[in-house]
Amino acid sequence: MSDSEMSEFASIVERLERGEVPMKNIERELICPVCKELFTHPLILPCQHSICHKCVRDLLMPNHDDSFSTDAGSESSNPGSPRSRVPSPSMERLDRLVRSGSISSPGWRRSSVTPRVTTFPCPGCQHDIDLGERGISMLFRNFTLESIVERYRQAARAAVAIMCNVCKPPAQEATKSCMDCKASYCNECFKMNHPWGTPKAQHEYVGPTTNFRPKVLMCPEHEMEKVNMYCEVCRRPVCHLCKLGGSHANHKVTSMSSAYKILKEKLSKSIHYLISKEDQVRTQISELEVLINHTEENGQLAERQANEHFERLFETLQERKTEMLRSIEQSRNLRVDRLRGQVEEYQGMLENSGLVGYAQEVLKETDQSCFVQTAKLLHVRIQKATESLKTFQPLATPSFDEFVLDTSKEEILLKELSFGGAPEPPVIDLSRCRVYNEGLIHWRLSEDSLPTDHHIVEFRKLGGEDEEESCWMVTERVYGSSTVVSDLAGDCRYAFRVKSCRNGLFSPCSPEVTFHTPPAPVFGFLFNEKCGFSAERLQLSKRRDSVESMAGMSFLLAAERVQTGSYICLDYIIGDTGISHGRHYWAFRVEPDSYMVKVGVASDCKLTEWFHNPRDTSSPRYDHDSGHDSGSEDACFEVSQPFTLVTIGMGRLFIPKASASAASGEHGSRVLSAPQRIGVCLDYDAGRVFFYDADSMRCLYERQVDCSGTMYPAFGLLGGGAVHLEEFITAKRLSYM
């Protein structure tokens, strides 16, 4: 550091020592995140956060209680109370309790029925803290924080004096506290108990205090050893035994003085930076206060507008409700009146039941003239009553079906009312997308985005004359983060984009991504472990979609006969499904650090003979492929082997020299960077095989191939290497296994 910087740091320290930074301003730094009170005997967790000893114990032992918790917590309850004058429990007693395990979790005792708890989340950062078998005893006490809390308490109870612990009543106010005797004294008592010329005269004393901490920090793992080094890996003080053979044996440590100097310099520099940015902080505070005011005002305005909108909705609904209730009431009154009139009419029929008796008496009349005179009107009355009984029909219906409302659509509209902004657009994850006959599209949202209701995937075909005007096709609603788009045309380019929906509002579309579909339908297969498979040198995955080359015992046993630069054979493996017609495409991935892998197709005409001939790994020139790319073996390739292959190794792709496209080319034109994914297309009917960069669908190499028999996907591995089939290629095959 420069002299100017050192002087600046010195000035900062002086300001702190002079108390220019008030103690009350640091109160929130002295509050335990668990009990929300001032720290009492704080312990430092592995994540560097501090927590009260009592709170750690309570997190591990929620039902445990002892006398120590009462004593330790009494001081933090009320700084001005009489109990605050009583010295806190001895730190030596705390060490003794911690190291003996008497305050450890009951779960660590065999006789206890309390479940064992050794892990808890840090209240400050929520990281899991595992205390292991040693429990609380592995944690350091934060003596620096204890001293700061004590000074804060003294400032808080400045009017309350610390009394001498030795004086006879009445006790005098203490002027000194001895850190060795762990007691406070007035001037006279201190002189009497620390006379000149005695060992006690050498004791360390400070101003009046109730916090007596040990003069040195002891190692929690080796009780008798002082910490004198700092572990840079665990970021904690350690002793020399920890470094020699303890848990920090292989860790990088530094001297305590060096760690002290570095950390103090960093802390001073950070404090200086904060102090130098006071004006900037005040400006930012002012800006934040303005934002708070604007937020409150805008929030109140939004509340008023929302109330107005809902009031209008309520008024409209109330009007419609009143109108409908009035219509129902009018219809009800009209129907009731009609039915009551009909009841009165029939009631009259019951009341005129004497009409029948009267008619019977009229029938007894023998004088014809008198009978006709009386019976005519009587007959009309009886005939009318008879017809009414025969044609009974209520004058009103009791059903009110015409007033039943279907508000389902309105309820949906109300539920879809948006009270927030449009969601953020998703981003399509290119590393997880795969497009073949079907497109598997993955996307992701930003970490701080709100949950969405669903997503919509749009896609369109590119490359036509009216590409810009071609319409986007839309999938159904997707409630996850991926979907499969079906029925894609082969050997075409497609653009995809995604948008999210929340509360009826759609986000902007994601940036478009373009994929090229393969030139032929996908050919699904797995590796065949029954045809020529070498279990000694090849390891097949359980799903049979990955194969890895490993050292073989037979080669090691033949080490005496193998000379430097000897020729060893390739280990071949083929697919379990053959091709006898049509065009087919498959894709795979070769591990980037593979030594040499050959990929292509194989004819069944020579497979049986090839795989059943005995092979000796130590026999030179058994395999015409020597393992290097000289190209000398290409001329007899078709004669000696049933394979048509290209070579991939050490991140490069090698085109065979015998190919027509590279026959006259230089060596450099035959060496390409190996793509991350390789695609193979076999046109059986045309007798040609094509090799593609599966990501860009760029054709890397093609050649004629004899398709007189059944053709199989073929792979050859030499040295360390691995081949993984595309999940999209094997997914349907695996689902039926």
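R335 lies over the face of F400, 4.5 Å from the ring centre; a charge sits over a ring if NZ of Lys or CZ of Arg is within 6 Å of the ring centre and within 35 degrees of the ring normal. The charged end of R497 is likewise placed over the ring of W472, at 3.8 Å from its centre. This is a predicted model, in which local features need pLDDT of at least 70, side-chain atom pairs count only at pLDDT 80 or more, and totals for chains, interfaces and linings use all residues. Residues are numbered from 1 along each chain as its sequence is written, and side-chain values use heavy atoms, with hydrogens and water left out.

The structure holds 15 aromatic pairs (Phe, Tyr and six-membered Trp rings with centres within 6.5 Å; planes under 30 degrees apart are stacked, over 60 edge-to-face, the rest tilted). F190 and Y205 form an edge-to-face pair, with 5.3 Å between centres and 65° between planes. F190 belongs to helix α6 and Y205 to strand β8, so the pair ties together parts 15 residues apart in sequence. Helices (H or I, at least four residues) and strands (E, at least two) are DSSP runs, numbered from the N terminus. F190 counts as buried at 13% relative accessibility, while Y205, at 47%, counts as partly exposed (buried is under 20% relative accessible area, exposed over 50%, partly exposed in between, with a 1.4 Å probe and protein chains only).

Y436, Y585, F690 and Y692 form one aromatic cluster. β30 and β31 pair in the antiparallel sense over six bridges; pairing requires at least two DSSP bridges between two strands. V689 stands opposite R703 in β31.
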